[in-house]
Amino acid sequence: MTYVAKKCGIRFQPPSIILIYEDENKDRARQRIMPIRNFSKFSDCSRAAEQLKNNPRHKAYLQGVSLRQLQKLYSLLRGHLQGQSLAQTLEQIHQEETIDPEEDLNKLDDKELAKRKSIMDELFEKNRKKKDDPDFTYNVEVEFPQDEQLESCGWDAESDNEF
């Protein structure tokens, strides 16, 4: 049996993830409530999301839901358990999901760097033009204006003198 996930959300009391899905064999929308157990304000959201996604009882239903979305839902629950308002938690999640262009990625540890790279990959895939897109054009040629004086680099001038 294959299921198509339509909506995924969270309920705070009692803590549970709610999935609205459609069975491909039957054209009816169904709701599945997956209770969240053993989760506290100190729990790791990514690990909890992986455990739920790989749980044999829920695996078939959660195939259409991304791991990132489940992590966000767990982050919302953790913020609620910490006593934050929904707006504060959403703002915190938005700050974690945004990449500062001035940030030096060389100074990050491996886990944070992998997180930033996955955010960049997701953003790239979202903005990427695919062949099926209506505004897709093949082999676009763009000429850049040469109005300004070209800047020369110091290393470039040194290499010219050596030859």
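**Thr89 and beyond**

Mentor: Leaving aside residues up to four places away in sequence, Thr89 touches Ser75, Leu76, Gly79, His80 and Gln84; a contact here means heavy atoms within 4.5 Å. Keep in mind that this is a predicted model, in which local features need pLDDT of at least 70 and side-chain atom pairs count only at pLDDT 80 or more, while totals for chains, interfaces and linings use all residues. Residues are numbered from 1 along each chain as its sequence is written, and side-chain values use heavy atoms, with hydrogens and water left out.

Thr89 sits in helix H3, residues 86-97 (helices are DSSP runs of H or I with at least four residues, strands are runs of E with at least two, and both are numbered from the N terminus). Thr89 counts as buried because its relative accessible area is 3% (buried is under 20%, exposed over 50%, partly exposed in between, with a 1.4 Å probe and protein chains only). For contrast, look at Val140, in the loop between helix H4 (110-127) and helix H5 (154-162): Val140 counts as exposed because its relative accessibility is 53%.

The ring centres are 5.1 Å apart and the planes meet at 50 degrees, which is why the pair is called tilted (rings of Phe, Tyr and Trp, its six-membered ring, pair if their centres lie within 6.5 Å; planes under 30 degrees apart are stacked, over 60 edge-to-face, the rest tilted). Phe39 is buried at 14% relative accessible area, and Tyr74 is buried at 4%.

The structure holds four aromatic pairs. Another one of them joins Tyr3 and Tyr21 edge-to-face, at 5.3 Å centre to centre with 85 degrees between the planes. Tyr3 belongs to strand S1 (residues 3-11) and Tyr21 to strand S2, 18 residues apart, so this pair links distant parts of the chain. Both Tyr3 and Tyr21 are buried, and together with Tyr61 they form one aromatic cluster.

Now follow strand S2, residues 16-23, to its neighbour: seven bridges join S2 to strand S3, residues 29-35, and the two run antiparallel (strands pair if DSSP finds at least two bridges between them). A hairpin of five residues carries the chain from S2 to S3.
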